[in-house]
Amino acid sequence: MGTKTDAKYFKGEKSIVSKSEQNRVLYSYGLDTLNWEKYVLKRKVNLILNRTERDSTITFRFIDPKDTLDNYGSTQFVKYNKSIYIVGDKHHIIESEKYLNKNISKYPFDLYDLVESYDDANGAFLFNADYGILNVEVWSAGRQIFYLPNDSIVDIEKELLRK
């Protein structure tokens, strides 16, 4: 007689639907030290996005292709309520279909923000379940971070940074 603690029971609950890897480039913009109203490119890093879809969640994990132990963060998307968890903090949609660029993703990005904000929390960000996070506004560091495909033709300065 089996019980719910059997490995077979839990294996079915956490089955992987799909797994994929995609190339991304992290662009980090910070305020110019001479002109505090202008952002300048501070850092550019090639990354790999590991996307793992399960029955009820999708996990996105950024890693450095040269050092797979170098983790650039992970995000967990919960399908049933469309919430996102980053380092235990819950985020929810504040505006649906906020941004669309067919060169990045065929699906629109929703604008997410923290459910319970706190001092030095990151700002709102764009996300869709197919692509993952597009940008993050890091208030405490005065940075804007974008995760774009390697072959992206998006003009970050004109299209994303000023919005």
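Strands E10 (residues 135-138) and E11 pair in the antiparallel sense, with four bridges between them; strands here are DSSP runs of at least two residues, labelled E and numbered from the N terminus, and two of them pair if DSSP finds at least two bridges between them. Within this pairing, Val 136 stands opposite Ile 145 of E11. The model is a predicted one, in which local features need pLDDT of at least 70 and side-chain atom pairs count only at pLDDT 80 or more, while totals for chains, interfaces and linings use all residues. Residues are numbered from 1 along each chain as its sequence is written, and side-chain values use heavy atoms, with hydrogens and water left out.

Strand E11 also has a partner in strand E1 (residues 16-31), again in the antiparallel sense, over six bridges. Here Tyr 27 is the residue that stands opposite Phe 146 in E11. How many of the six residues of strand E11 are buried? Five of the six residues in this strand (residues 143-148) are, so E11 is largely enclosed by the rest of the structure. Buried means under 20% relative accessible area, exposed over 50%, and partly exposed in between, with a 1.4 Å probe and protein chains only.

A pair of aromatic rings is described by the distance of the centres and the angle of the planes. Rings of Phe, Tyr and Trp (its six-membered ring) pair if their centres lie within 6.5 Å, with planes under 30 degrees apart counted as stacked, over 60 as edge-to-face and the rest as tilted. Across the whole structure, a search finds eight aromatic pairs. In one of them, Phe 62 and Tyr 147 are stacked, because their ring centres are 4.2 Å apart and their planes lie at 15 degrees. This pair links distant parts of the chain, with Phe 62 in strand E3 (residues 57-64) and Tyr 147 in strand E11, 85 residues apart. Both partners are buried: Phe 62 has a relative accessible area of 4%, and Tyr 147 has 8%.

The rings of Phe 77 and Phe 127 form a tilted pair, since their centres are 5.4 Å apart and their planes are at 35 degrees. This pair, too, links distant parts of the chain: Phe 77 belongs to strand E4 (residues 67-78) and Phe 127 to strand E8 (residues 125-128), 50 residues apart. Phe 77 is buried at 7% relative accessible area, and Phe 127 is buried at 1%. Together with Phe 60, Tyr 112 and Phe 125, these two residues form one aromatic cluster.
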